[in-house]
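Here are a few exercises to work through with the model open beside you. Try each task before you read its solution.

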Amino acid sequence: MREVTATVLENKRIADEIYSLTFATEEEIRVRPGQFVMVGVGGFPLRRPIAVCKAEGDRVTVCYRLKGAGTRTLARDYRMGEKLSVLMPLGNGFYVKENEKKIAVVGGGVGIFPLISAIREYSKNRQVYAYMGFRNRAAVCMEYDMTRGEKLVIATDDGSAGFHGTSVQAFMQDVDMVCPDVVLACGPTPMLRALKVAMKGRVIPVYVSLEERMGCGIGACLVCVCEKTDGAHARVCKDGPVFDVRDVVL
Ligand SMILES: Cc1cc2nc3c(=O)[nH]c(=O)nc-3n(C[C@H](O)[C@H](O)[C@H](O)COP(=O)(O)OP(=O)(O)OC[C@H]3O[C@@H](n4cnc5c(N)ncnc54)[C@H](O)[C@@H]3O)c2cc1C
Ligand code: FES
């Protein structure tokens, strides 16, 4: 992990309340799918955690939804050429074994963004089946980047685009046909919980990327602690954000 002074190349709206921010680092920094960055926003003492969506050479793209004052300031004040202080890369990221050749990715809301980096990386030499959930058609974005795999199913809560329902429901309709070797998931906790329940009793490993409020992002403050099924605790920023679904309480 290092602190980087990045230069904003682009920061644009790509869907309803969603922005895509691309910045250049001083040199190439290797990032695993599922890792994240902590972005410093002027006027806020705490950095904001955002997953890496794309990392190519010295260019990194993250996508964020407008939520509170931090993300709204980021969207408003950071134009091309602005400097941005970023801690990166952070967290463990997804890990796919050599023999896991068929991967299903199941995402919802802002959880689709780290999965885009997984699709980009793993579709190079594996079959990737993607199930991505959005609120409605206006929220759908990054479609081009999600189509690199074997199959892409867009799901919307209101049925205004693609499958009418959640990405978990769309995936469970396909699971016996696809028979993935591993499932990678990211999204709101109720979505991950639904996936855990639906996959119970199957032998397919499921890895989930958790989202917790964060302070430092580097394992020091314990703001992001989550509960494990064995009664222990883990720091989402340092021990995660990716966990075996069987190991965490959702
Ligand atoms: C590992 C990880 C990856 C993430 N990746 C993305 C992503 O790719 N795209 C995206 O839109 N969002 C992502 N988030 C959520 C994002 O961090 C929050 O939406 C953002 O920090 C909100 O900041 P704010 O100032 O706009 O909101 P406020 O609610 O005003 O934030 C107040 C404080 O709470 C923290 N906070 C608020 N909500 C969250 C949250 N859900 N998770 C963590 N901290 C939070 C903020 O960082 C800040 O310190 C991710 C969170 C984590 C933990
Ligand atoms: S955010 Fe500080 S320990 Fe995880």
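This is a predicted model: local features need pLDDT of at least 70, side-chain atom pairs count only at pLDDT 80 or more; totals for chains, interfaces and linings use all residues.

**Exercise 1: placing Phe44**

*Solution.* For a sense of distance, go to Ser160: it is 116 residues from Phe44 in sequence, and the C-alpha to C-alpha distance is 37 Å.

**Exercise 2: the two sides of α4**

Which residues of helix α4 (residues 167-178) are buried, and why do they line one face of the helix?

*Solution.* First, pick out the buried residues: Ser167, Val168, Ala170 and Phe171. Now look down the axis of α4: these buried residues fall within an arc of 140°, so they line one face. Then check what covers them: the list includes β8 (102-108), β9 (127-134), β10 (151-156), β11 (163-164) and α5 (189-199). Finally, step just past the end of α4, where Cys179 has a positive phi of about 50°.

**Exercise 3: around ligand 1**

How many residues surround ligand 1, and which are the closest?

*Solution.* The shell holds 22 residues, with Ala51, Gly68, Gly70, Thr71 and Val110 the closest. Sort by element next: β4, β6 (59-65) and α1 (69-77) each give two or more residues. Sorted by class, the shell has 13 nonpolar, three polar and six charged residues.

Key. Residues are numbered from 1 along each chain as its sequence is written. Chains are lettered from A and ligands numbered from 1 in the order in which they are written. A residue is buried if 20 or more other C-beta atoms lie within 10 Å of its own, exposed if 12 or fewer, and partly exposed in between; C-beta atoms are placed from the backbone. Helices (H or I, at least four residues) and strands (E, at least two) are DSSP runs, numbered from the N terminus. The arc is that of the directions from the helix axis to the C-beta atoms. Two residues are in contact if their C-beta atoms, placed from the backbone, lie within 7 Å. A residue is near a molecule or strand if its C-beta atom, placed from the backbone, lies within 6 Å of it. Ala, Val, Leu, Ile, Met, Phe, Trp, Tyr, Cys and Pro count as nonpolar, Asp, Glu, Lys and Arg as charged, and the others, Gly among them, as polar.
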